[in-house]
Every structure is written in structure tokens, then in C-alpha cells.
Amino acid sequence: MSIIVEPSATPRPPRPAATVILLRAAADGAPPAIFMLRRSARSPFMPDALVFPGGAVDAEDGPAGSDAAYEAAARRECREEAGVVLGARPLRWFDTWVTPSAEPRRYEARFFLAELGADEGGEAAADGHETHEGRWASAAEYLALGAAGVVDLPPPTLCTLMRLADGRLAALRGLAPDEARAPVLPKALLEAGPDGAGRIVVVLPHAPDYDALAGDGAPAPARSLDLPPRLVREGASWRPL
């Protein structure tokens with residue numbers, strides 16, 4: 001995730017976006033598999049990061065800012081980026097994140113769950129243009145790859161995988177749309193690490209020093225209080241601080 005820490009008096013408004021977490025049930029009762037994609041290294045936003053299928057809401061998805069447009073975008077992006085047609089399958093909106101105002105390219109992304117049976121999802125694949133290396137794995141396996149520096153998991157992605165690895169799927173399923181509507185709006189800063197070198201830190205709204213930091217802010221939604229208050233960029237990956 002490429003954050004440029006440049007606090008501005010006039011930050012850019014975030015563009016609506018939608019993300020789909022494709023969950024495939026395991027036949028043996030093991031944790032579900034999740035389909036993820038590696039973004040192109042040439043992408044201007046989160047290059048080479050491992051992400052869930054998703055992208056910006058387009059005009060043809062529906063009335064600007066409407067719940068219907070976000071859901072239509074989620075279904076369209078899942079088809080375009082991952083090759084999976086969701087049809088009338090229900091989507092569960094469980095989270096919303098806004099890119100820090102220090103980043104010139106900003107999104108207000110809604111996160112949806114789409115659950116597949118153990119025998120579904122075989123057609124899932126990267127589009128070969130915006131995304132590459134589509135794969136199914138458990139949340140715990142993705143987190144292990146991130147901790148080893150093998151893959152780059154952006155902060156919202158990392159936090160979602162942490163929740164799923166900790167067995168909180170039932171809680172995410174149970175969130176009402178009104179509970180998912182208030183966004184998680186982190187702030188970003190550049191600070192000195194233990195070795196004196198600068199490092200990027202993302203600070204979530206429930207961190208004690210959040211209000212004193214520069215940048216757009218918003219109250220902490222209740223659903224975010226189980227997340228780490230700070231995430232740090234070390235090398236090519238993010239980790240809780």
C-alpha cells in the first residue's frame with residue numbers, strides 16, 4: 001500500500017468503491033478458503049499488494065452514493081476481476097473503510113461477504129491485467145505469508161483477515177447495514193522507528209492519540225474496537241504495532 005504522507009488543508013474526497021470477500025466452505029469443516037488476487041506492480045494504487053476482488057463504483061452501477069450502486073459494483077468487480085458471477089447470491093455488507101486523507105488517491109470502500117459452497121468457485125481466476133496470481137487459502141495462511149514478507153497485505157485487508165482467522169465470521173455475518181455504514185477512517189504519519197529510520201504508521205480512530213494527529217478524522221465505529229489501534233509499515237509489509 002503506497003501512502004504518501006502529505007497532510008493537506010484540502011484533501012481529495014474519497015471515491016466510492018466495493019470489495020468482495022469470497023469465502024468457500026471447506027468440505028471437512030476446516031476454516032473457509034478465501035480468494036485473493038495480487039494487484040499489478042504497475043498499478044498506481046496499492047501496487048503488487050494481495051487484495052480481495054473489488055474496485056471503484058461506476059456510473060452504470062446505479063445512483064451515485066446509493067446502497068444499490070455499491071452492491072452492484074461489488075458484483076460487477078467480482079465478475080471482472082475474479083471471473084465469479086454471483087448472480088442473486090446474497091452479499092453481506094459488514095465494513096467500510098476510507099483511505100487516509102494523506103493519500104492523494106482515496107476510496108470509501110464497502111466490504112461485502114459472499115459465501116460459496118465447497119464445490120463452487122473453481123472458475124475463480126485473476127484477470128491477467130489489473131490482477132495476477134489468484135489463489136484460494138485460509139485467512140491464517142495469508143497472515144503467515146504477510147508476516148514472512150512474502151505478500152503485501154494493505155491495512156484494511158490485514159484487519160479483515162485477522163478477524164476471519166480469529167473466528168469472528170459469525171459476528172461479521174450478524175452486522176446490520178447501519179452498523180457497517182460509519183467508516184473506519186485512519187490517519188497516516190511518518191515517524192522514526194527503533195533504528196531511527198522513518199516509517200509509515202496508520203493510526204485507527206480508537207488510538208489514544210488519534211484526535212491530536214493531522215488529517216481528516218471520524219469517530220471510531222463500535223465494530224472497529226477489536227482491531228489494533230496502530231499498524232506499521234516495515235519493509236514490504238504491514239503489521240500491528
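Student: What stands opposite L231?
Tutor: P240, which lies in strand 11. Keep in mind that this is a predicted model.

Student: How do strand 10 and strand 11 pair, and over how many bridges?
Tutor: Strand 10 covers residues 230-234. Its pairing with strand 11 is antiparallel, over 4 bridges.

Student: What packs on the sheet there?
Tutor: Helix 3 does. It touches strand 9 (198-203), strand 10 and strand 11. The direction of helix 3 makes about 50 degrees with that of strand 11.

Student: And the sheet itself, what's the strand order?
Tutor: 8-9-10-11. Those 4 strands form an open sheet with antiparallel pairing.

Student: Which strands are at the edges?
Tutor: Strand 8 (187-192) and strand 11 (237-240). Each of them pairs on one side only.

Student: How many degrees are neighbouring strands turned against each other?
Tutor: On average 30 degrees, ignoring direction.

Student: Back to helix 3. How many of its residues are buried?
Tutor: 9 of 11, so the helix, residues 155-165, is mostly covered, with buried meaning under 20% relative accessible area. The buried ones include P155, P156, C159, R163 and L164.

Student: New topic. Which residue other than glycine has a positive phi?
Tutor: E133 is one, with phi near 55 degrees. E133 sits in strand 7, residues 131-137.

Student: Why does E133 count as partly exposed?
Tutor: Because its relative accessibility is 46%. That falls between the cut-offs: under 20% is buried, over 50% is exposed.

Note on methods
Residues numbered from 1 in each chain as written. Predicted model: local features only at pLDDT ≥ 70, side-chain atom pairs only at ≥ 80, totals over all residues. Heavy atoms only, no water. Buried < 20%, exposed > 50% of the residue type's maximum accessible area, 1.4 Å probe, protein only. Helix = DSSP H or I, 4+ residues; strand = E, 2+ residues; numbered from the N terminus. Pairing = 2+ DSSP bridges. Axes fitted to C-alpha atoms, helices over the stretch in contact; angles between N-to-C directions. Contact = heavy atoms within 4.5 Å.
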